[in-house]
Protein chains: 2
Amino acid sequence: MERKSFGNMQCPVARTLERVGEWWSILILRDALHGLTRFDQFQKSLDIAPNMLTRRLNSLVESGLLERRQYSERPPRHEYILTDLGRDFRSILVALNTWGNKHFAPEGPSVLLIDSTTGEEAEPVMIDGKSGKRLNSPDFVFAPGPQANEGMKARINFARERAAEAAANDAATTQPATAAPAKPAKAPRKKAAARSA
Amino acid sequence: MERKSFGNMQCPVARTLERVGEWWSILILRDALHGLTRFDQFQKSLDIAPNMLTRRLNSLVESGLLERRQYSERPPRHEYILTDLGRDFRSILVALNTWGNKHFAPEGPSVLLIDSTTGEEAEPVMIDGKSGKRLNSPDFVFAPGPQANEGMKARINFARERAAEAAANDAATTQPATAAPAKPAKAPRKKAAARSA
């Protein structure tokens, strides 16, 4: 089945998905971030068909996430080393791992991120490096960037209007008496939208 | 082409990929997290074939990421609302967005995360909520969790040994004179590995 190419889409998420390719690629990156480098190591870990593994490794090399490096001349053997771009994929892997542990490991986690200096399990949290605020606060919203085209601006601004409406409806139905007046609560969101439009 | 099911794999990343399904699902979740709820809104945003969109929406409902809710009786119309599980996917979306902006938007970002109270662009950073340390520190390593089976333990511990070797080789080749002695630098990593094995 032919998959539509996301590469021409403006959205950074779509471009990321285009670059990484498919599920196997993410699991190969997972193993590379765990320290695996060689074909037989990936094959053993993933239980993947050799031709499929070759294709996915080549694709990750083409995308600039892995670098192919010869480690033996006789016989000629290569290993696959993460590039800076590939190493930077770690934050996505940590986010996937955290979500998976939280929701899909009812029997308890099988993979943890630990602080090797203390042996303590890490509690991955996303914050804004500038203000230190947690990014799961409703204060943080997506907005069109400086290079957004008209379609992207329309989509995000439309979406934000909808979100504001939904929040207003929620507030009206769930907290009819105790809620603060709706307009002031919405004000910062609207101000930001006007600024970025 | 038949895709191998990752659902029985122990790895939380594999289970997450199994649940979310495929690229379209991630873009639908992106739009839902931006506030879209209705079939025609998703279709307009994604430029996706209606039968494909129906399949992906149904799959996200089955997976528990979206909830289908009737909003009009005549004509009968439904919208798709994020569940708690779906809303929690936001951290993965932010990680994808950040990586995409950093590496695949040479012309400048088209989608930003902003603090709507100040209008400032957020700088997404992952930290350990317990210690406040940034997770991109090499101190943080993956380790087998309490429910890891023997295969998972072997894979992670093997990978960590390899990573430690690679780090030792890097240290030996790149900093022959100025580096601190290699053994003490490795010690915490080994201690943690022994603890979690």
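## A hairpin in chain A

In chain A of this predicted model, strand E1 (residues 66-72) and strand E2 (residues 77-82) pair in the antiparallel sense over six bridges. Helices (H or I, at least four residues) and strands (E, at least two) are DSSP runs, numbered from the N terminus, and two strands pair if DSSP finds at least two bridges between them. One such bridge links Arg69(A) to its partner in E2(A), Glu79(A). The step from E1(A) to E2(A) is a hairpin of four residues.

Before going on, a word about the model and its labels. Residues are numbered from 1 along each chain as its sequence is written, while chains are lettered from A and ligands numbered from 1 in the order in which they are written. Because the model is predicted, local features need pLDDT of at least 70 and side-chain atom pairs count only at pLDDT 80 or more, whereas totals for chains, interfaces and linings use all residues.

## The hairpin in chain B

Now look at chain B. Strand E1 (residues 66-72) of chain B runs antiparallel to strand E2 (residues 77-82) of chain B, and six bridges join them. Ser72(B) has Arg77(B) as its bridge partner in E2(B). Four residues make up the hairpin between E1(B) and E2(B).

## How the two copies are related

Two copies of a chain are related by a rotation about an axis and a shift along it.

## Where the chains touch

The contact takes 86 residues from chain A and 85 residues from chain B; two residues are in contact if their C-beta atoms, placed from the backbone, lie within 7 Å. On the side of chain B that touches chain A, the elements giving two or more residues include helix H1 (12-20), helix H2 (23-33), helix H7 (150-174) and helix H8 (182-196) of chain B. H6(B) gives the most to this side, with 14 residues.

By class, this side of chain B has 45 nonpolar, 23 polar and 17 charged residues. For this count, Ala, Val, Leu, Ile, Met, Phe, Trp, Tyr, Cys and Pro are nonpolar, Asp, Glu, Lys and Arg are charged, and the others, Gly among them, are polar. Of the interface residues of chain B, 100% are also interface residues in chain A, so the copies meet through the same surface.

## Sheets shared by both chains

Strands of a sheet pair through backbone hydrogen bonds, either parallel or antiparallel. One open sheet has three strands in the order E4(A)-E3(A)-E6(B), with antiparallel pairing. E4 (120-121) of chain A and E6 of chain B stand at the edges, each with a single partner strand, so one side of each is left without a neighbour in the sheet. Strand E3 (residues 111-115) of chain A pairs with E6(B) over five bridges. Among the bridge partners, Leu112(A) has Ala143(B) and Asp115(A) has Phe140(B).

Another open sheet has three strands in the order E6(A)-E3(B)-E4(B), and the pairing is antiparallel. Five bridges hold the pairing of E6(A) and E3(B), where Val141(A) has Ile114(B) as its bridge partner.

## Helices that pack together

Two packed helices are described by the angle between their axes and the distance between the axes. The axes of helix H1 (residues 12-20) of chain A and H2(B) come within 10 Å and cross at roughly 165 degrees. These axes are lines fitted to C-alpha atoms, for helices over the stretch in contact, and angles run from 0 to 180 degrees between N-to-C directions. H1(A) and H2(B) are therefore roughly antiparallel to each other (angles under 35 degrees count as roughly parallel, over 145 as roughly antiparallel, 65 to 115 as roughly perpendicular and the rest as oblique). Val13(A), Ala14(A) and Leu17(A) of H1(A) meet Trp23(B), Ile26(B), Leu27(B) and Arg30(B) of H2(B). That contact has six nonpolar, no polar and one charged residues.

Within chain B, H2(B) packs against helix H3 (residues 39-46) at an angle of about 115 degrees, with the axes 11 Å apart. Leu27(B), Ile28(B) and Asp31(B) of H2(B) and Phe42(B), Ser45(B) and Leu46(B) of H3(B) make the contact.
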